[in-house]
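Please look through the model shown below. The report that follows covers its chain contact, its helix packing and a few local features.

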There are 2 protein chains.
Amino acid sequence: MTQTKPSKLAELLRRGEIFAVECPSREILKHVTSRWGVLVLVALMAGTHRFSDLRRKVGGVSEKMLAQTLQCLEKDGFVRRVSLPVVPPHVEYSLTPMGEEIGRKVEALADWIEINLPQIMEAQRGA
Amino acid sequence: MTQTKPSKLAELLRRGEIFAVECPSREILKHVTSRWGVLVLVALMAGTHRFSDLRRKVGGVSEKMLAQTLQCLEKDGFVRRVSLPVVPPHVEYSLTPMGEEIGRKVEALADWIEINLPQIMEAQRGA
DNA sequence: CGGAATCCAAGATGATACTG
DNA sequence: CAGTATCATCTTGGATTCCG
């Protein structure tokens, strides 16, 4: 394997690996585009939230799924978890720099859908 | 219902309805961010594909899920299906103008992940 | 070739109860 | 408050088979 250090350009040209079954990107994509992952990222784009704040904001999420989603996003390096050692417990969640970057992409997608919802609904009927 | 025609600005400011359980956007978001929805949209960004082309390109997808995903995206108005009445059957799938728009958002997300995968993997270990 | 239909395994999600 | 643990359920996804 004569493998030179992959340049930024090479990486940019390497598109399409997501189509491969074993591509690690698929896992990340799965986390980020999961039912609650999307909403949590968008919610955190507005700033730091406590666990219960997020639970209230993201309608319909259960404690279990919120905790699980947050742990997952934290492990991927998108979410920062700060636990203040007080009683009662106080835990703050915010986006890391990477989290903000990917959050922008996700938010762009969500916003597009919200804005174009009328056209989409129309297309659904019209077709 | 004294409902004035919602201005573009009003729509832009209406962010956050996705957080509501009953928001219709959630359904669309679900279709678009589904396991195979993302990959099909990105695949179709490269141009028209036949069913079996997509099946080959999108690694790991079963016939059932591909068909289901395509129908769903077609109903939402993102995918155009053209069936040529020949034998053997020949069916072409492509993106509608709306599909291209949302496809760009999805692709941007997928590309970001692929490009930043090294950093993500590093963060996973480092954290 | 491009599906539709069926059956079944696996994983995601939810309600509830409990804990530091 | 911020979770964890457990169990029940509901949805996804895949293998297979059949059809125009």
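In which loop of chain A is Pro88(A) found? Pro88(A) sits in the loop between strand 2 (79-84) and strand 3 (90-95) of chain A. The model is a predicted one. The peptide bond leading from Val87(A) into Pro88(A) is cis, with omega near 5°. Most peptide bonds are trans. Chain B also has a cis bond, joining Val87(B) and Pro88(B), and its omega is about 5°. Pro88(B) is placed in the loop between strand 2 (79-84) and strand 3 (90-95) of chain B.

**The contact between the chains**

Chain A and chain B each put 50 residues into their contact. About 4800 Å² is buried between chain A and chain B. Carbon and sulfur atoms give 70% of that area. On the chain A side, Phe19(A), Trp112(A) and Glu114(A) lose the most area to chain B. Together these three account for 16% of what that side buries.

What does the polar side of this contact hold? The count of salt bridges between chain A and chain B is zero. There are 13 residue pairs in polar contact between the two chains, both residues at pLDDT 80 or more.

Helix 1 (8-13), helix 2 (25-32), helix 3 and helix 6 of chain A each bring at least two residues to the side that touches chain B. Helix 6 of chain A gives the most, with 19 residues. By class, the side of chain A that touches chain B has 29 nonpolar, eight polar and 13 charged residues.

**Helix packing**

| Helix pair | Angle | Axes |
|---|---|---|
| Helix 3 (35-45) and helix 6 (97-126) of chain A | about 110° | 9 Å apart |
| Helix 3 (35-44) and helix 6 (97-126) of chain B | about 110° | 9 Å apart |
| Helix 3 and helix 5 (63-75) of chain B | roughly 75° | within 10 Å |

Take chain A. Helix 3 and helix 6 of chain A pack at about 110°, and so they are roughly perpendicular. Helix 3 of chain A uses Val38(A), Leu41(A), Val42(A) and Met45(A). From helix 6 of chain A come Glu100(A), Ile102(A), Gly103(A), Arg104(A), Val106(A), Glu107(A) and Ala110(A). This contact has seven nonpolar, one polar and three charged residues.

Now chain B. Helix 3 and helix 6 of chain B pack at about 110°, which makes them roughly perpendicular. Val38(B), Leu41(B) and Val42(B) of helix 3 meet Ile102(B), Val106(B), Glu107(B) and Ala110(B) of helix 6. By class, this contact has six nonpolar, no polar and one charged residues.

Helix 3 of chain B also packs with helix 5 of chain B, crossing at roughly 75°. These two are therefore roughly perpendicular to each other. Helix 3 of chain B contributes Trp36(B), Gly37(B), Val40(B) and Leu41(B). Helix 5 of chain B contributes Met65(B), Leu66(B), Thr69(B), Leu70(B) and Leu73(B). The residues of this contact divide into seven nonpolar, two polar and no charged.

**Salt bridges**

How many salt bridges does the structure hold over all chains? There are four. Side chains of opposite charge can pair when their charged atoms come close. Asp53(A) and Arg56(A) form a salt bridge through their side chains, at 3.0 Å from N to O. Both residues lie in helix 4 (residues 51-57) of chain A. Asp53(A) and Arg56(A) are three residues apart, about one turn of the helix.

Notes
Residues are numbered from 1 along each chain as its sequence is written. Chains are lettered from A and ligands numbered from 1 in the order in which they are written. Side-chain values use heavy atoms; hydrogens and water are left out. Axes are lines fitted to C-alpha atoms, for helices over the stretch in contact, and angles run from 0 to 180 degrees between N-to-C directions. Helices (H or I, at least four residues) and strands (E, at least two) are DSSP runs, numbered from the N terminus. Angles under 35 degrees count as roughly parallel, over 145 as roughly antiparallel, 65 to 115 as roughly perpendicular and the rest as oblique. Contact means heavy atoms within 4.5 Å. Ala, Val, Leu, Ile, Met, Phe, Trp, Tyr, Cys and Pro count as nonpolar, Asp, Glu, Lys and Arg as charged, and the others, Gly among them, as polar. Buried area is the accessible area (1.4 Å probe) that two parts lose on being put together, summed over both. A polar contact is a pair of N or O atoms within 3.5 Å; within protein, one must be able to donate a hydrogen and the other to accept it, and residues adjacent in sequence count only if both atoms are side-chain atoms.
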